[in-house]
Amino acid sequence: MPWYLHLALRQLFPTGRRFPFFTVISALGVTLGVALLVIVMGVMGGFAYEIKHKIVDTEGDVQIRARGAIEDYAAVVRRVESVPGVAAATPYASDVVMIKFGDKPAYPMLRGVDLASVARVTPLGKYMLVGSLDDLDDDSIILSAQLAASIGASVGDTIEVYSPLIINKLSNDELFLPRQVKVVGILEIGHQQLDSSTVYGTLRLAQDLYGLGSTVHGIDVSLKPGVNEDDGAARINAVLPEDIRAFSWEDSFSDFLWVLNLERNMIFFLLLFIVIVAAFSVMSSLLISVVRKTREIGLLGALGGRPVHVAACFCAQGLMIGVLGTAAGLALGFTALHFRNDVVLWITRVTQRQEVMRRFYQFSELPSHISLQTVALIVVMTIVISTLAGLLPAWKAARLKPVEALRSE
Amino acid sequence: MSEPVLSARAIRKSYKSGDALLEVLRGVDLDVAPGESVSIRGESGSGKSTLLNLLAGLDAPDSGTVAWDGSPDTGARRRAAFLGMVFQSFYLVPELDACANVLLARRILGRADTSARARARELLGQVGLAERAHHLPSQLSGGERQRVALARSLMNNPRLIVADEPTGNLDERTGNAVVELLLGLCTSANTAVILVTHNAAHAAKTRRSLVLTAGVLGG
């Protein structure tokens with residue numbers, strides 16, 4: 001090992017001293033900065049990751065829409081399913097309805113799904129709390145959990161469904177009676193917006209309520225594992241007519257994802273300042289070290305040490321503190337992420353705010369997902385900043401002339 | 001006489017003191033033969049340490065030349081192999097134990113292999129500190145620290161050792177022992193030594209004794 005690295009190590013971890021106080025204090029700031037970055041980026045990434053899964057689970061990887069309704073959707077489904085990389089496609093009709101149970105009204109989205117194919121695209125079955133998709137027919141619906149709770153309906157109850165067509169009928173002085181449907185299931189997706197305002201019914205029921213005839217509003221597509229959503233959408237578009245277009249889920253929700261990314265990048269940038277402040281603390285400690293060790297630096301020069309190697313000794317200390325702080329920060333951050341739900345559960349229990357958590361943050365549990373790229377970015381940025389913090393002390397040390405340094409008091 | 005290990009010619013050095021120019025060395029000439037021991041005495045402020053720094057290549061003269069083995073290269077890289085230095089204040093690295101401090105001279109040279117470790121231990125044995133090889137400087141007495149510094153100066157088998165008042169911080173008995181050790185080890189290794197000292201008794205132990213007066217070296 002080169003002498004300057006050996007000396008850097010020995011200065012950080014002096015022989016015979018059990019607790020390297022200076023090193024631990026210097027690395028602590030870096031540790032806290034990295035841990036905070038990992039925790040916050042993990043939770044932010046978790047929200048984005050969960051949202052992606054909820055979207056894909058409820059609407060597929062690719063959504064096909066037309067300017068109006070899609071006619072002869074069966075032919076379109078067949079054509080889409082023949083595209084390489086496409087696993088399955090299912091038609092749907094979706095719009096706002098008014099439902100009424102007793103004297104309690106609500107205005108959810110009713111999504112009419114094709115029972116023969118929906119399970120191959122959107123795995124709604126795994127979100128069923130009570131009942132099953134198999135129980136669904138043209139005279140029944142499945143309610144999302146919070147919606148069912150808000151109107152007080154449960155499985156077996158009959159509710160009234162009013163379609164938007166009521167307005168047209170009323171303007172033509174026609175009598176319009178609500179559709180009586182039976183609740184055959186309750187489902188909970190775990191996303192507040194979907195759980196509070198979604199009703200699932202058959203495609204036929206939705207077509208009847210919206211007066212669609214044999215047309216549909218769109219087609220959801222699932223891709224085979226490993227197929228990129230944008231590539232899949234492009235391949236599908238190649239076989240579709242001009243007025244029917246396929247969009248990847250990222251395209252369909254691009255504004256939302258852009259805002260999520262912006263938030264994530266801003267928070268990353270702001271939290272990076274903690275690491276930068278920690279780096280200033282490392283720099284100040286190393287500058288004090290240069291002043292304290294002036295005569296030793298002079299000795300190194302007198303023994304034949306070159307200024308660049310003296311500089312490397314102090315720069316390496318910044319690097320080592322950065323590596324140490326980063327490693328400890330990663331360990332602390334991932335441990336905190338591992339126990340995040342226990343902590344949140346405890347806090348919400350103590351403050352009795354479990355429902356508030358769900359209402360404001362959309363999810364019943366705090367999600368977490370951090371990509372390898374984000375971890376790599378945190379590691380590289382922190383180590384580079386810490387190493388840069390060693391540059392000024394290193395430069396000052398390298399500039400010391402041995403004869404003057406040895407003479408210093 | 002064989003080619004001198006160190007040759008200094010017409011060395012002049014002055015410092016600014018306020019508006020005045022303080023001329024410390026006014027044309028110093030010195031030749032040191034291989035294995036020779038030379039002492040330099042002089043009053044405080046006479047320029048002994050300044051001269052030693054110039055001879056060791058740590059500072060540059062205003063005029064004149066310094067040559068080691070006939071070569072004017074007195075740079076850091078050559079100094080590591082050619083020259084050993086002993087200081088009044090020992091200058092041991094506090095984070096390194098005695099053995100590592102001795103080995104540091106060889107590490108800087110870039111050759112800290114197994115044989116170097118053996119040599120460091122051997123040198124510590126020669127200065128009577130074999131049992132204290134793994135003690136930190138803070139666990140050693142002043143005399144022991146100076147003996148570690150002495151072992152470090154010999155680590156790279158230098159051609160010349162310059163010692164700047166090595167007994168200045170030691171009591172008389174310990175100082176005598178250190179000077180005896182320095183001169184003895186240099187004699188047995190055929191290493192030339194320049195000893196700057198106030199002590200006439202120590203100077204008398206060297207082969208040649210010089211006095212620096214008014215910026216000029218005399219016998």
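Trainee: In which sense do strand S1 and S4 of chain B pair, and over how many bridges?

Mentor: This is a predicted model, and in it strand S1 (residues 6-17) of chain B pairs with S4(B) in the antiparallel sense, over five bridges. As a point of orientation, B:Ser7 stands opposite B:Ala67 in S4(B).

Trainee: To which sheet do these strands belong, and in what order do its strands stand?

Mentor: They belong to an open sheet of three strands in chain B, with the order S2-S1-S4 and antiparallel pairing. Strand S2 (20-32) and strand S4 (63-68) of chain B are the edge strands, each pairing on one side only. From one strand to the next, the twist averages 25°.

Trainee: Which helix lies across S1, S2 and S4 of chain B?

Mentor: Helix H1 (residues 48-55) of chain B does, and it runs at about 125° to S1(B).

Trainee: How should I read the sheet of six strands in chain B, and what is its strand order?

Mentor: In the present case, six strands of chain B form an open sheet with mixed pairing, in the order S5-S6-S7-S3-S8-S9. Strand S5 (83-86) and strand S9 (216-218) of chain B stand at its edges; each has a single partner strand, so one side of each is left without a neighbour in the sheet. Neighbouring strands of this sheet are turned by 20° against each other on average, direction ignored.

Trainee: How many bridges join S5(B) to strand S6 of chain B?

Mentor: Four bridges join S5(B) to strand S6 (residues 160-164) of chain B, and the two run parallel. Within this pair, B:Met85 stands opposite B:Val162 in S6(B). Helix H5 (residues 142-154) of chain B packs on the sheet, where it touches S5 and S6 of chain B; the direction of H5 makes about 170° with that of S5(B).

Trainee: Which residues have the most contacts inside the largest nonpolar core?

Mentor: They are B:Val102, B:Val162 and B:Ile194, in a core of 116 residues. Helix H13 (residues 307-338) of chain A contributes the largest share of this core, twelve residues. With neighbours within four places in sequence left aside, B:Val162 is in contact with B:Leu52, B:Leu55, B:Ala56, B:Leu83, B:Met85 and B:Ile194. There is also a second, separate core of 49 residues, which includes A:Val76, A:Ile159, A:Val181 and A:Ile244.

Trainee: What should I make of the phi of B:Phe90 and that of B:Glu165?

Mentor: B:Phe90 is not a glycine, yet has a positive phi of about 65°. B:Phe90 lies in the loop between S5 and helix H3 (98-109) of chain B. B:Glu165, likewise not a glycine, has a positive phi of about 45°. The loop that holds B:Glu165 runs between S6 and helix H6 (172-189) of chain B.

Trainee: Turning to chain A, how many residues of strand S10 are buried?

Mentor: Five of the five residues of strand S10 (residues 198-202) of chain A are buried, so S10(A) is largely enclosed by the rest of the structure. Strand S5 (residues 109-113) of chain A pairs with S10(A) in the parallel sense over five bridges, with A:Val199 as the bridge partner of A:Leu110. Strand S7 (residues 140-144) of chain A pairs with S10(A) in the antiparallel sense over two bridges; here A:Tyr200 is the bridge partner of A:Ile142.

Trainee: Into which domains is chain A divided?

Mentor: Chain A has domain 1 (3-51 + 257-407) and domain 2 (62-226). The C-alpha centres of these two domains of chain A lie 51 Å apart.

Trainee: How many residues of chain A are in contact with chain B, and which helix gives the most?

Mentor: The size of an interface is often given as the accessible area lost when the parts come together. Counted by residue contacts here, 19 residues of chain A touch 20 residues of chain B. Helix H1 (3-12), helix H12 (294-302) and helix H18 (402-407) of chain A each supply at least two residues of the chain A side, and H12(A) gives the most, with five residues. By class, that side has eight nonpolar, seven polar and four charged residues.

Methods:
Residues are numbered from 1 along each chain as its sequence is written. Chains are lettered from A and ligands numbered from 1 in the order in which they are written. This is a predicted model: local features need pLDDT of at least 70, side-chain atom pairs count only at pLDDT 80 or more; totals for chains, interfaces and linings use all residues. Two strands pair if DSSP finds at least two bridges between them. Axes are lines fitted to C-alpha atoms, for helices over the stretch in contact, and angles run from 0 to 180 degrees between N-to-C directions. Two residues are in contact if their C-beta atoms, placed from the backbone, lie within 7 Å. Domain bounds come from an automatic or database domain assignment. A nonpolar core is a set of buried Ala, Val, Leu, Ile, Met, Phe, Trp, Tyr and Cys residues joined through C-beta atoms within 7 Å. A residue is buried if 20 or more other C-beta atoms lie within 10 Å of its own, exposed if 12 or fewer, and partly exposed in between; C-beta atoms are placed from the backbone. Ala, Val, Leu, Ile, Met, Phe, Trp, Tyr, Cys and Pro count as nonpolar, Asp, Glu, Lys and Arg as charged, and the others, Gly among them, as polar.
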